[in-house]
Amino acid sequence: MQDLNTLLEKSLDQLGYELVDMELSNRGKLIRLFIDKPEGINIDDCVLVSNHLSNLLAVEHDIDYDRLEVSSPGLDRALKKESDFVRFVGERAQVKLRVPVEGRKNFLGILRGVDQGYLVLECEGVEQRVPFSNIDKARLSPEF
């Protein structure tokens with residue numbers, strides 16, 4: 001899976017897109033990709049990427065899959081890389097930890113920054129410093 005992830009990241013980067021997340025299901029027969037770019041994603045972007053990657057995977061790398069799905073990450077996009085947390089400073093996010101901090105595993109707060117391997121998250125007026133190694137899942141949590 002790591003080889004596939006690296007291949008997809010490199011190919012998408014060349015097209016001007018970012019691979020936000022990838023899911024494999026049905027024993028690898030479904031590949032679901034979430035892509036983004038600074039100005040956002042539309043249906044034409046998804047079609048372009050889908051066509052490009054279908055050719056790449058079938059012809060050049062002979063990867064066996066039945067279906068490829070390409071979509072935007074949505075308003076509640078996953079935050080995976082340190083650069084994601086930097087990009088969305090000032091936004092509200094839901095963060096789930098592997099190991100509890102002060103008896104809590106779930107935090108909802110405002111992303112305040114990144115500092116030497118730690119995420120700085122403001123929750124209810126209090127800044128929490130969470131090591132990236134302790135983050136299980138994180139995603140934006142927009143208010144409507």
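User: Which residues does R77 touch, leaving out those up to four places away in sequence?
Analyst: R77 touches E18, V20, D36, D84, R87, F88, A138, R139 and L140. Contact means heavy atoms within 4.5 Å. This is a predicted model: local features need pLDDT of at least 70, side-chain atom pairs count only at pLDDT 80 or more, and totals for chains, interfaces and linings use all residues. Residues are numbered from 1 along each chain as its sequence is written, and side-chain values use heavy atoms, with hydrogens and water left out.

User: Is R77 buried or exposed?
Analyst: R77 is buried, at 2% relative accessible area. Buried is under 20%, exposed over 50%, partly exposed in between (1.4 Å probe, protein chains only).

User: Where is R77 in the fold?
Analyst: In the loop between β3 (67-71) and α3 (82-87). Helices (H or I, at least four residues) and strands (E, at least two) are DSSP runs, numbered from the N terminus.

User: What does the side chain of R77 meet in a salt bridge?
Analyst: D36, at 2.7 Å, N to O. A salt bridge needs a side-chain nitrogen of Lys or Arg within 4 Å of a carboxyl oxygen of Asp or Glu. D36 lies in strand β2 (residues 30-36), so the pair ties together parts 41 residues apart in sequence. D36 is buried too, like R77.

User: Switching topic. How many salt bridges by this rule?
Analyst: 16. One of them joins E23 and R32, with the closest N and O atoms 2.9 Å apart. E23 is partly exposed at 32%, and R32 is partly exposed at 24%.
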